[in-house]
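Open the structure in your viewer and keep the selection tool at hand. The tour below moves from one selection to the next and says what is found at each stop.

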Amino acid sequence: MPKPIPQCKPICNATICTRPPFECKFRLPGPEMTLSPASYWYLSDNISRSMLASPQDLLAFLDRLGIRHQTASHAPLFTVADSQSLRGQIAGGHTKNLFLKDKPGSLFLIVADEEARIDLKSIHRRIDARRLSFGSAALLMQHLGVQPGSVTPFAAINDPSGAVSVVLDQTLMAHQVLNFHPLTNTMTTSIAAQDLLKFLRATGHEPRVLSLSEAAEATAQLH
């Protein structure tokens, strides 16, 4: 039977772990932070997740990492076109987030500027993958714990096993501030671009920053 782990309680809502020996990929700086502050726990390869991080858990995680953030509430936004209604109200770069899978089953989260033109027929060559297609809603929930319309790099907090590779378009990273849904499409959270990298690394995801869009290529040619 799994044994309680009292020392987890101040940092993680989980009280048990069924993966002996205990493993955790969410290691934070400081002697008092050795486990994930996220509120869900990945129990084992054969046991489903018991909890998923909430927006409040995510924001608490950002606080623990020392990442400054600002969150605005709004009506549900399901598409890039929907989110453009907020232009002028929320400053910074706005994004499109594509959850993709290749034929062998590898999973990718592509994060790009909302205006970026991503060619799904050729992007697999840019990220060293096989031909790509959109991952299903069920696969999205299984690995990132969010619904379609709420896809976000913040969902990496729900993927401690690192099953999803995160790829950032270099054009997007030219913005000083970036905006993403904090696991729900009724809010938008703004953070610094460099803090996005810090967040992803803290969740065990080393992001790749690559030229993915036609806009990125045009910018590179000008230099």
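Start by selecting F154 and F180, both of which are buried. The model is a predicted one, so read each stop as a description of that prediction.

**The aromatic rings**

Stay with the rings for the first stop. Three aromatic pairs turn up in a search of the whole structure. One of them joins F61 and F199 edge-to-face, with 5.7 Å centre to centre and 70° between the planes. This pair links distant parts of the chain, since F61 belongs to helix 1 and F199 to helix 5, 138 residues apart. Like the two residues you began with, F61 and F199 are both buried.

Now return to F154 and F180, which also make an edge-to-face pair: 5.7 Å centre to centre, with 80° between the planes. F154 sits in the loop between helix 4 and strand 5, and F180 in strand 6, so their pair ties together parts that are 26 residues apart in sequence. Select F61, F154, F180 and F199 together: ring pairs link them into a cluster.

**Around F199**

Keep F199 selected and show its surroundings. Which residues touch F199, leaving aside its neighbours within four places in sequence? The contacts are L58, F61, L62, L65, I67, P153, F154, A156 and I157.

Next, select helix 1, residues 55–64. Its buried residues are P55, D57, L58, L59, F61 and L62. Strand 1 (70–73), strand 7 (187–192) and helix 5 (193–202) are included in what covers them. Just after helix 1, look at G66, where phi is positive at about 75°.

In soluble globular proteins, nonpolar side chains tend to be buried together. Here the largest nonpolar core has 35 residues, and F154, L168, L183, L196 and F199 are those with the most contacts inside it. At least two residues each are supplied by helix 1, strand 3 (107–113), helix 4 (137–144), strand 5 (164–169), strand 6 (177–180) and helix 5. Helix 5 gives the largest share, six residues. Apart from this core lies another, of 13 residues, including F108, A116, I118 and V167.

Five of them form an open sheet in the order 4-2-3-5-8, with mixed pairing. Strand 4 and strand 8 (208–210) are the edges, each pairing on one side only. From one strand to the next, the twist averages 35°.

Walk across the sheet from strand 4. Strand 4 pairs with strand 2 in the antiparallel sense over three bridges, and here L132 of strand 4 stands opposite D102. Strand 2 (residues 95–102) is in turn joined to strand 3 by seven bridges, and these two strands run antiparallel. K101 has L107 in strand 3 as its bridge partner. The two strands form a hairpin with four residues between them, and G105 in the turn has a positive phi of about 110°.

L109 stands opposite V166 in strand 5.

Bring helix 4 back into view. Helix 4 lies across strand 2, strand 3 and strand 5, running at about 100° to strand 2.

**Two loop residues**

Select D128, in the loop between helix 3 (123–126) and strand 4 (132–134). Its phi is near 60°, a positive value in a residue other than glycine. Then select L183, in the loop between strand 6 and strand 7. L183 is not a glycine either, yet has a positive phi of about 80°.

Are these residues buried or exposed? D128, at 70% relative accessibility, counts as exposed, because the cut-off for that is over 50%. L183, at 11%, counts as buried, because the cut-off for that is under 20%.

**The whole chain**

Zoom out to finish. The protein has six helices and eight strands, following the pattern α-β-α-β-β-α-β-α-β-β-β-α-β-α along the sequence. Of its 223 residues, 49% are buried. The protein exposes about 11,400 Å², of which carbon and sulfur atoms supply 53%.

Definitions and conventions. Residues numbered from 1 in each chain as written. Heavy atoms only, no water. Buried < 20%, exposed > 50% of the residue type's maximum accessible area, 1.4 Å probe, protein only. Contact = heavy atoms within 4.5 Å. Core = buried A, V, L, I, M, F, W, Y, C linked by side-chain atoms within 4.5 Å. Pairing = 2+ DSSP bridges. Areas by Shrake-Rupley, 256 points an atom, 1.4 Å probe, with all protein chains shown as cover. Axes fitted to C-alpha atoms, helices over the stretch in contact; angles between N-to-C directions. Phe/Tyr/Trp six-rings, centres within 6.5 Å; stacked < 30°, edge-to-face > 60°.
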